[in-house]
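Here are some short notes to read alongside the model. Keep the 3D view open and find each residue as it comes up.

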Amino acid sequence: MPGTDRFGPLTERPFRLLWVARTGSSLGDSLVVVAIPFAVLRIGGGATGLGVVLAAYTLGRAAFVMAGGVWADRLPRRAVMIGADLVRFGTQAATAALLFAHALQVWELAALQATAGAAGGFFVPASTALLPRTITSGRLQQANALISLSQSATSIFGPALSGAIVATAGPAWVFVIDAGSFLFSVAFLFALRVADQVAAAGKRFWHDLADGWHEVRRVRWLTAGFLGFALGNLGIGMYLVLGPLVAREHLGGAAAWGVILTAGAIGGVVGGLFAYRFRPQRPVAMAFGVWSLGIAPVLALIPPLPVVAIMGANALFSAAVIVGNTLWETSMQREVKPDRLARVGSIDWMLSLCLMPAGQALAGPLTGPLGVRGTLVLAAALMCLPNLAVVAFVREVREVRRPEAPDPVPA
């Protein structure tokens, strides 16, 4: 890649506006992850209250992401994103106001965060489907890599900054910043002007939703991929539950797990930088091969290696996730029919939102008959073997090729 095109996607104004909007929103989200637990504790919610609030957010997004995909294919996607951001601005501003007034209750916080999660369920598939409209085809993978890179970077610095704000000024101010980040996003989305898809003819909601599933079945490598995701996300959920348990019993506790997660966030940044330049001939097959590296941090816990080694394994895992996701999303945006892209993207998100928590819920009960090590072996198998099987046995996965003649890059 010529040096003058090193950050080529950002030279295209539509994508630059979208990237700035999403980066600002991601920063706000990375802050609030720390603020929510301390807000719950401040209002006397305890562990049960925290679980209710976090579950409400996840369930809110999971319940509406499929509907979000349908409406993002029916309506102008930019308008859907702006509407979702305005709703989230309202929920976070209301949370901050109630905290300042010392009037917030756990059920109110749960309801507000469930609404924010539902709005996110509309935003995500609309953004996935809008991105190809903002960038020339030859830069699509780079554009996806830059989105992933900014999100990984905010996940490193955001929680530390949020902790400092909570400690010095209180969690209410973090919600103020998060609310402001959504207004920031709206401002840049308002300035974004691209040709969007033609609105679909009036059909029943369930008919439109079924069309999304038909598109998945039409593109056979998507079907295979979603089945692989289902099993892989179950394994990731188990790993996220059992990792802290191993850290507490063998590695010295929360501090060790904290640095392991930090190494993972850094690995995500490295993965984003690598994905920006990495252009394999068979991107979908390479995505599944790279995802199989998820086995590394799980095996590093059986029995636990030194913390430094586990940090390296988790960094490798996070980098592999970012690289694989970039290749996968780019291929999906190229191969799926544009008027069904948001619905297909919402199915992709649904598998992550539902099956990862399912893996987390199963981890504890499985340690009874299998033990911690046995459950980790199962998690490793789920995170690796389905991906390798898809590459080996699904011909369509190996047949997806990188375009040889990308669109001309504007000067």
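**Notes on surface and core**

1. Start with Phe100. Its relative accessibility is 40%, so Phe100 counts as partly exposed. The model is a predicted one, so read every value here as computed from a prediction. Phe100 lies in helix H3, which covers residues 77–100.

2. Together with Trp173 and Val176, Phe100 makes a nonpolar surface patch. The patch has an area of about 270 Å².

3. Compare that with Ser26. Is Ser26 buried or exposed? Its relative accessibility is 12%, and the cut-off for buried is under 20%, so Ser26 counts as buried. Ser26 sits in helix H1, residues 13–42. Leaving aside residues up to four places away in sequence, Ser26 touches Gln151 and Thr154.

4. Next, the interior. In soluble globular proteins, nonpolar side chains tend to be buried together. Here, the largest nonpolar core has 62 residues. Which residues have the most contacts inside this core? They are Trp221, Leu222, Phe226 and Trp328. Helix H13, residues 341–393, gives the largest share of the core, with 7 residues.

5. Take Phe226 from that list. Again leaving aside residues up to four places away in sequence, Phe226 touches Val216, Trp328, Val344, Ile347, Asp348 and Leu351. Find Phe226 in the view and trace these contacts one by one.

6. A second, separate core has 23 residues. Among them are Ile236, Met238, Ile310 and Ala363.

Methods:
Residues are numbered from 1 along each chain as its sequence is written. This is a predicted model: local features need pLDDT of at least 70, side-chain atom pairs count only at pLDDT 80 or more; totals for chains, interfaces and linings use all residues. Side-chain values use heavy atoms; hydrogens and water are left out. A nonpolar core is a set of buried Ala, Val, Leu, Ile, Met, Phe, Trp, Tyr and Cys residues joined through side-chain atoms within 4.5 Å. Buried means under 20% relative accessible area, exposed over 50%, partly exposed in between (1.4 Å probe, protein chains only). Helices (H or I, at least four residues) and strands (E, at least two) are DSSP runs, numbered from the N terminus. Contact means heavy atoms within 4.5 Å. Patches are made of residues with over 30% relative accessible area and no salt bridge: like charges are joined within 9 Å, nonpolar side chains (Val, Leu, Ile, Met, Phe, Trp, Tyr) within 5 Å. Accessible areas come from the Shrake-Rupley method with a 1.4 Å probe; for residues, only the protein chains shown count as cover. A salt bridge is a side-chain nitrogen of Lys or Arg within 4 Å of a carboxyl oxygen of Asp or Glu.
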